[in-house]
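Have the viewer open as you read.

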Amino acid sequence: MSARIVVAGASMAGLRAAEQLRAAGWTGAITLVGDEPHMPYNRPPLSKEVLAGKAPFASLAFRPRASVSDVEWRLGTKVVASRLSERIVELDDGSTLSYDGLVVATGMRPRRLRCPGPLAGRHTVRTLADAQGLRDELTRPGARLVVVGAGFIGCEVAATAVGLGVREVTVVDPLPLPMVGPLGELLGRALLERHEQRGVRFALGTSVAGFEGEDRVTGVVLADSTVLPADVVVESVGSVANTEWLDGNGLDLTDGVLTDEQLRVGGRPEVVAVGDVARFPNARYDGVPRRVEHWCIPTDTARHAAKVLVAHLTGADAEPAPFAPLPTFWSDQHDFRLQSFGAPALGTGDVRVLDGDPAADVLVGYHHDGRLVGVVALGGPAAGSAAARHRAELLKQPALSAQGSS
Amino acid sequence: MKVVVDMNKCQDHGQCVFAAPDVFQLDENGRLGYVSDPDDALRDEVEEAADVCPLQAIRIEA
């Protein structure tokens, strides 16, 4: 039998991994296993264009490179268990697959609230089916929406809902400002103001105690017993790594699957992890392993991990430099965009306006030990271009840990 | 190599410019311009540009 690499997960990270395995010279078999029935598709539009009814599925599907036209797709199928020492994975249809190389690309699923109350009317936004189901309910006349969680997805959904003409849109979060964890207070405040000006209401500094309603949700009960009337609820309260299938292999699976600086898993050269399930040290920063849920990460991790895996399987000795991506993300909300380069979350203790004004287009710098570690632009295209001009500077910065600072 | 950008999809993120600066550029107004028939030697960077486009608006033909 010819050599085979199994890619567990058939979303963007799985597709990019397959393409990069070919680009790295792998000519053996590749099998992708994914639980969704669809070919890989682009998720960022789910909370925006798909919810707004502007993007059909055909416009979301990735166009796989010609180099992967011969790979095997096992869609609508899930990897449920694994025996890494035997190089075997088990699927939910009862079959097993043996492999020479394994790529972990099973991603994340939305975290759900566990407080009491009915389930009907409560949504998450991760899959195409999620977004379509939410749209059906939001477009009913008079619908009132409560979004739990003022992170990026929650704020995007709130903005899209306002654009759809939803009568009341309220965002609840225990933190005092939206997106304050990743962006800090200065931008958090600017974003709160912009959302409020455009019709989004906020209940901040409070948490959800439960849901009212018999068969379906009619209201969201806050910690102080206030009830926000709601016909539709979106839970955007973080995500949970799909790693249960790796249990029993002695791996560190606390918050995703831990990798080394080459994206290898559990000291096994034939197993790598890609995408937002991978908790990897970034040699550009402090070397602390973190999961990163940015859209750029599936592509960045796939390119590196594929090289490492193919080099091992083909007997090449060369080891690439440790993985050190420059993260980037964006978020479109209402009529403005956030554009980030670097790791602003590592510098929220020292935030400076580099250009512009928080009330208009603004460029903000994030510093760690006095050094620039990230920039975020808020506003129109001009702000994005201003952020891009700092990208080269961020790329030139020496590694944080190499400086020996705290 | 032939490159086509769906300008109805493009939202001027500029990620392609970082990946393949010889092929993609943003003008003074932040609008995308590109070389539609780049040299084959640039294939790797054009493929990377297509990968990193948030709107997946870049198509490589032949």
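## Starting at one residue

Leaving out residues up to four places away in sequence, Val376(A) touches Leu183(A), Leu187(A), Leu338(A), Gln339(A), Ser340(A), Pro344(A), Val364(A) and Ala387(A). Keep in mind that this is a predicted model.

## The cores

Which residues have the most contacts inside the largest nonpolar core? Val376(A) is one of them, alongside Leu145(A), Val146(A), Ala158(A) and Val233(A), in a core of 60 residues. Apart from that one lies another core, this time of 46 residues, including Ala10(A), Ile30(A), Trp73(A) and Val272(A).

As a bit of background, nonpolar side chains tend to be buried together in soluble globular proteins.

## Chain A as a whole

Zooming out, chain A has eight helices and 27 strands. Its radius of gyration is 22 Å, close to the 22 Å that the globule rule gives for 406 residues, so chain A is as compact as a globular protein of that length. Along the principal axes, the C-alpha atoms of chain A fill a box of roughly 60 × 55 × 35 Å.

How much of chain A counts as buried? The figure is 46% of its 406 residues. As for contacts in chain A between residues at least 6 apart in sequence, 64% join residues at least 24 apart.

## Where chain B comes in

The contact between the chains draws 14 residues from chain A and 10 residues from chain B. On the side of chain B that touches chain A, four residues are nonpolar, four are polar and two are charged.

Methods: Residues numbered from 1 in each chain as written. Chains lettered and ligands numbered in written order. Predicted model: local features only at pLDDT ≥ 70, side-chain atom pairs only at ≥ 80, totals over all residues. Contact = placed C-beta atoms within 7 Å. Nonpolar A, V, L, I, M, F, W, Y, C, P; charged D, E, K, R; others polar. Helix = DSSP H or I, 4+ residues; strand = E, 2+ residues; numbered from the N terminus. Rg over C-alpha atoms; globule rule 2.2 N^0.38 Å. Buried ≥ 20, exposed ≤ 12 C-beta atoms within 10 Å, placed from the backbone. Core = buried A, V, L, I, M, F, W, Y, C linked by C-beta atoms within 7 Å.
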